[in-house]
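Thank you all for coming. I would like to walk you through one chain this morning, going from the overall picture to a few individual residues.

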Amino acid sequence: MLDVCFVGGLRVSELVGLRVDDVTFDQQPFVRVIGKGRRERMLPLWKRTGANIRAWLAIRGEAAVPELFLNARGGAMTRTGFEYVLKRHVSAAKLSCLSLSPKRISPHTLRHGCAMLLLKKTHDVRKVALWLGHSSVQTTEEYLRADPTEKLEAVSALTPPSLRRGRFSAPDQLIAMLTGGTGAKDYAKQTTTKVPWIGPRKRLTVHNQELS
């Protein structure tokens, strides 16, 4: 369960909802996942993960329920049951991996870890969104904010836009303003063509007359 949850980046509801006929072993192991909104996606699995599922099916045998993963009573695994299994394995892992001691490991941690691994390998948020079953790329962008290093790498992988070199030529009025010339105070009001000043009320009247 831990292997499939991490490799597939599955939600807990997706994991415990997997059925035996959702797994195929043609040329490469695949798993069919039904996500939120009944959206379906097919995910290729690692060969190691496929071998682990084969080993589990040999032990699982026949059951009264179609779900892939079972609890100790032979029924379908529940969300609470998976959280208990994960907690038990995390406690065992902390004995040999001290860096896990201050961390809180939840089922979402496995999904988040899968997302960060995909982002590091592909540098494409759209592919991560498709893999995780997100309906919008904006939902996936929260994983970018988790690690600034990964975000910078993803940004640097994008092709920068081609910009044409240009040259700025400052007008005489701007130079006079910067050098403190006589026209500095009135620079904002100066234009190339002298036009009479129209106050706000009069300007509105003229505008309405032009529209009519």
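Of the 212 residues in the chain, 29% are buried, where buried stands for under 20% relative accessible area, exposed for over 50% and partly exposed for what lies in between, with a 1.4 Å probe and protein chains only. Please keep in mind that this is a predicted model, in which local features need a pLDDT of at least 70 and side-chain atom pairs count only at pLDDT 80 or more, while totals for chains, interfaces and linings use all residues. Residues are numbered from 1 along each chain as its sequence is written, and side-chain values use heavy atoms, with hydrogens and water left out.

The accessible surface of the chain, from the Shrake-Rupley method with a 1.4 Å probe, comes to about 15500 Å², and 57% of that surface belongs to carbon and sulfur atoms. As for secondary structure, there are ten helices and three strands, taken as DSSP runs (H or I over at least four residues for helices, E over at least two for strands) and numbered from the N terminus. Their order along the sequence is α-α-β-β-β-α-α-α-α-α-α-α-α. If we take contacts, meaning heavy atoms within 4.5 Å, and keep those with a separation of 6 or more, then 50% of them join residues 24 or more positions apart.

Let me turn to helix H4, residues 79–94, whose 16 residues reach 22 Å from the first C-alpha to the last, close to the expected 22 Å at 1.5 Å a residue; that expected span is 1.5 Å times one less than the number of residues. Gly-81, Phe-82, Val-85, Leu-86 and Val-90 are buried in H4, and the buried residues of this helix pack against H1 (2–8), H2 (12–16) and H5 (107–122).

Which helix gives the most to the lining of the largest pocket? That is H4, with five residues, although H1, H3 (47–60) and H4 each supply at least two. A pocket here is an open set of points on a 1 Å grid over the protein atoms alone, where a 1.4 Å probe fits, with protein on both sides within 12 Å along at least five of seven lines, and lining residues have an atom within 4 Å of a point. The largest pocket holds about 360 Å³ of space. Among its 17 lining residues, Met-1, Leu-2, Trp-56, Phe-69 and Val-85 are the closest to the centre.

Thr-49, in helix H3, is buried, with a relative accessible area of 0%. Leaving aside residues up to four places away in sequence, Thr-49 touches Asp-3, Val-4 and Val-7.

Finally, some loop residues. Arg-38, in the loop between strands S2 (29–34) and S3 (40–44), has a positive phi of about 60° without being a glycine, and this residue counts as exposed at 68% relative accessibility. His-123, in the loop between H5 and H6 (125–132), is another non-glycine residue with a positive phi, near 55°, but His-123 is partly exposed, at 29%. Asp-21, in the loop between H2 and strand S1 (23–25), is exposed, with a relative accessible area of 52%, and its C-alpha lies 8.7 Å from that of Arg-32, eleven residues apart along the chain.

Note on methods. Points joined across faces, edges and corners; volume = space filled by probe spheres on them.
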